[in-house]
Amino acid sequence: MEHVFSEQILSVEGLDVQIGSSFILKNFDFQIHKKEIHALVGESGSGKSTFANVVLGLLNEEALISWNKFKIFSQEIQAADFSLWKDWRGKRISLIPQTSAIGLHPFLSIRSQVLEYFHLVQPRLANDETGIRLLEEFGLSDPKAAWNSKPHQLSGGERQRILVLLSVYSGADLILADEPSSALDPDTGRSILKLLQKRVRDLDAGLLFISHDLSSAMEFADTITVMKSGQKLETIKKEKGTWNPNSEYSRKLFTLDQNPA
Ligand SMILES: Nc1ncnc2c1ncn2[C@@H]1O[C@H](COP(=O)(O)OP(=O)(O)OP(=O)(O)O)[C@@H](O)[C@H]1O
């Protein structure tokens, strides 16, 4: 099903990121709307994580950043002033990391971590009953036991479900997922992406989905931007359930992915 997206969350035009003498991003454009899942694909080193770091306001000082336009949450940002991001990170912008190993504290129970997080960002969700209900909603088979577990007592898939849960219920308008299923077996990864897709739409957020795995981008995204050497090659919208890339490079990428050797 195609979706019509009206309300823009982020619009970037002519973004350059330079580190030393090399341009990591060059004249890069990107837009994302509420309820939209916009995947960023491209070979390793094409600049996907660098762009995610710009959106998270996390690029280090050695980077020279400039843009023609950067509009986020209806606010036009003139120069690369990332001080605004300290109020947004974790609240209006949230990140689902690649692996649950870096997202959860190993020595604290799921209960204490979820409650502490919701106290900060969504106090109305910070109680045992809601926490257990959300674990159930996110497919944990024994939500009460999981609630009182430490992360190592859960599987990687269960931990990743919890990170996705925290991110989508953070109240964030913009969610970044960096290869959120890459550390999981294909079935678990797929069911987590399906859940993420549904919640992003229900909660009116936008999802920037960074993926090496073009087949999951093709299955779950509404829009795909193909990157190459720090530049946008093209942005493609799903039309009537199909993808019609224009450039030869993207066409090869899409066809290869559908017919792997
Ligand atoms: N702090 C840095 N200093 C120097 N070069 C950097 C820095 N950060 C990234 N790069 C370079 O920028 C290019 C883009 O890196 P980036 O991590 O954004 O690519 P990517 O598409 O996310 O790759 P991958 O899919 O492998 O994660 C790479 O060539 C990388 O070596």
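1. Basis of the note. This is a predicted model, in which local features need pLDDT of at least 70 and side-chain atom pairs count only at pLDDT 80 or more, while totals for chains, interfaces and linings use all residues. Residues are numbered from 1 along each chain as its sequence is written.

2. Overall fold. The protein chain holds nine helices and 11 strands, where helices (H or I, at least four residues) and strands (E, at least two) are DSSP runs numbered from the N terminus. Its radius of gyration is 18 Å, close to the 18 Å that the globule rule gives for 261 residues, so the chain is as compact as a globular protein of that length; the radius is taken over C-alpha atoms, and the rule is 2.2 Å times the number of residues to the power 0.38. Along the principal axes, the C-alpha atoms fill a box of roughly 50 × 45 × 35 Å.

3. Of the 261 residues, 37% count as buried (20 or more other C-beta atoms within 10 Å of the residue's own; exposed means 12 or fewer, partly exposed in between, with C-beta atoms placed from the backbone). Among contacts with a separation of 6 or more, 68% join residues 24 or more positions apart, a contact being two C-beta atoms, placed from the backbone, within 7 Å.

4. Helix α3. This helix, residues 110–121, has 12 residues and reaches 16 Å from its first C-alpha to its last, close to the 16 Å expected at 1.5 Å a residue (the expected span is 1.5 Å times one less than the number of residues). Ile-110, Val-114 and Phe-118 are buried in α3. Seen down the axis, the buried residues of α3 fall within an arc of 45 degrees, so they line one face of the helix; the arc is that of the directions from the helix axis to the C-beta atoms. The face turned away from the buried side carries the exposed residues Glu-116, His-119 and Leu-120.

5. Neighbours of α3. The buried residues of α3 pack against α4 (128–137), α5 (143–147) and α6 (156–168). In α4, Gly-131, Leu-134 and Leu-135 are buried. These residues cover an arc of only 100 degrees around the axis, which puts them on the same side of α4. What covers the buried residues of α4 includes α3, α5 and α6, and just after α4, Gly-139 takes a positive phi of about 85 degrees.

6. Phe-73, in the loop between β5 (69–72) and β6 (75–76), has a positive phi near 50 degrees although Phe-73 is a residue other than glycine, and Phe-73 is partly exposed, with 14 other C-beta atoms within 10 Å. Asp-204, in the loop between α7 (186–202) and β9 (206–211), has a positive phi near 65 degrees and counts as exposed, with 11 C-beta neighbours inside 10 Å.
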